[in-house]
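Hi there,

I am handing over a structure for you to look at, and my notes follow it. Please keep it open while you read.

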Amino acid sequence: MLIVPKKHVVTVNDITSDLAGHIIEVEKKMYSLIKEKLNCEGLTVAQNNDLGQEVKHYHVHLIPRYSNDNWKMNFNQEDLKDAKDIYDILTN
């Protein structure tokens with residue numbers, strides 16, 4: 001499921017607090033509906049900005065999850081920075 005605001009915004013930096021709050025309220029309602037109707041065990045909520053954002057309009061993915069769905073996020077572990085390194089970069 002996608003949540004797509006009517007107002008055109010591209011990234012999370014373009015969203016007003018009011019719009020962000022409205023999107024969260026819709027997520028909460030859809031979470032309950034998806035869990036009830038699809039009997040999923042969880043829900044992955046994802047949103048891309050810039051790299052990986054194929055549609056240049058802010059939208060949120062709601063992905064039903066099941067323990068046997070074999071869904072994995074694969075990253076090149078060698079290119080990922082250590083959490084402490086990231087903290088140091090962001091705080092210096």
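**The largest pocket**

The largest pocket holds about 180 Å³ of space. On a 1 Å grid over the protein atoms alone, a pocket is an open set of points where a 1.4 Å probe fits, with protein on both sides within 12 Å along at least five of seven lines; the volume is the space filled by probe spheres set on the points, which are joined across faces, edges and corners. This is a predicted model, where local features need pLDDT of at least 70 and side-chain atom pairs count only at pLDDT 80 or more, while totals for chains, interfaces and linings use all residues. Residues are numbered from 1 along each chain as its sequence is written, and side-chain values use heavy atoms, with hydrogens and water left out.

Which residues line the largest pocket? They are T44, V45, A46, N48, H61, I63, W71 and M73, each with an atom within 4 Å of a point. (Strands are DSSP runs of E, at least two residues; helices are runs of H or I, at least four; both are numbered from the N terminus.)

**The sheet and its helix**

Three strands form an open sheet in the order β1-β3-β2, with antiparallel pairing; strands pair if DSSP finds at least two bridges between them. The edge strands, β1 (2-3) and β2, each pair on one side only. Five bridges join β2 to β3, and T44 stands opposite I63 in β3. Two bridges join β1 to β3, where I3 has V60 as its bridge partner.

Helix α1 (residues 17-38) packs on the sheet and touches β1, β2 and β3 (contact means heavy atoms within 4.5 Å).

**Confidence**

The chain averages a pLDDT of 88, the predictor's confidence in each residue, from 0 to 100.

Happy exploring!

Definitions and conventions:
Axes fitted to C-alpha atoms, helices over the stretch in contact; angles between N-to-C directions.
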